[in-house]
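Visitor: Hi, I've got a model open and would like to talk it through. Can you help me read it?

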Amino acid sequence: MTIFVFLLGLIFGSFANVVALRVNTGESLIFGGSRCFSCSRRLRWFELVPLVSYIALRGRCRSCNAAISLQYPLVELASGCIFLLLFVFTPRGVLGVLPRGLPSGFLLPFVFFWLLLILSVYDLRHQILPDVLVGAAAAAAILVVMAEGIRDPKLILVHGLAGAGLFLFFGALWFFSGGRWMGLGDAKLSFAIGLFLGPVPALVALFLSFWMGAVVGIGWVLTHRIRTLKIPIPFGPFLALGAFAAYLWYLPLIEWYLRLVV
Ligand SMILES: [Zn+2]
């Protein structure tokens, strides 16, 4: 079963690549087969098998020999790992957002983090978080909270406040920096994340994403020898990664942090 979930994640990763490439281009997400970007040759079915085809083709197109972007296998692998980790580690009913005995709600975290993966890829490529994808993530979060609300209606309020809190925080960063530190898209995404996670994991996610962002940002400045506040590193992937880690491990993370500082 675990292997099946991982393979399913790989397949969804393959689709994530398609969505990240085609969203806002007017191309259909479902119709129109994938093509080589260099020679436009339509790919055969066996060239679309996640990971395996990349390895079998040694990262090159079969007819024109152009290098295939490493993005494809990496996103597929990331998606497989997301599915696998969610399946193994999802906190069942403990303050988390997985509703007990609701099969429809069970799939939502997979959808939510799959969307966050696509958003991260898009943000890395274009330095922007498209509204249509952020909206989809917010919709998944709203469904999760509604499913939770059936069990305990006050959770709707609590999760709603967490979403609003994160949005106000990132919205203020966006407003007062004139969009230099944070985009409005980051604020919108943080709303979806706060709503999905609820207050405590949302705070953990916030800390994690800022720590990771700071480490990578400092590394970038050190390796590029540029003194500027405007670093071309999008924040979306850090938000996504922070949210994922916080969703699965916010309790152990809090314990670890407290032991570190106390
Ligand atoms: Zn080609």
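Visitor: How many residues of domain 1 are in contact with domain 2?

Guide: 20 residues of domain 1 are in contact with 16 residues of domain 2, contact meaning heavy atoms within 4.5 Å. Keep in mind that this is a predicted model, where local features need pLDDT of at least 70, side-chain atom pairs count only at pLDDT 80 or more, and totals for chains, interfaces and linings use all residues. Residues are numbered from 1 along each chain as its sequence is written, and side-chain values use heavy atoms, with hydrogens and water left out.

Visitor: OK, and where are the two domains?

Guide: Domain 1 is 1-89 and domain 2 is 98-262; the bounds come from an automatic or database domain assignment. Their C-alpha centres lie 25 Å apart.

Visitor: What area is buried between them?

Guide: About 1,700 Å², with carbon and sulfur atoms giving 82% of it. Buried area here is the accessible area (1.4 Å probe) that two parts lose on being put together, summed over both. On the domain 1 side, Ala20, Ile82 and Leu86 lose the most area to domain 2, together 31% of what that side buries.

Visitor: How many salt bridges cross that interface?

Guide: The rule finds zero between domain 1 and domain 2. It asks for a side-chain nitrogen of Lys or Arg within 4 Å of a carboxyl oxygen of Asp or Glu.

Visitor: And which helix gives the most to the domain 1 side?

Guide: Helix 3, with ten residues. Helix 1 (2-22) and helix 3 (71-89) each supply at least two residues there; helices are DSSP runs (H or I, at least four residues), numbered from the N terminus.

Visitor: Switching topic, how many salt bridges does the structure hold?

Guide: Four. One of them joins Glu47 and Arg62, whose closest N and O atoms are 3.2 Å apart. Glu47 sits in the loop between helix 1 and helix 2 (52-56), while Arg62 is in the loop between helix 2 and helix 3, 15 residues apart.

Visitor: What's the average pLDDT?

Guide: The protein averages 86, and 91% of the residues score at least 70; pLDDT is the predictor's confidence in each residue, from 0 to 100. Over residues 93-104 the pLDDT is below 50.
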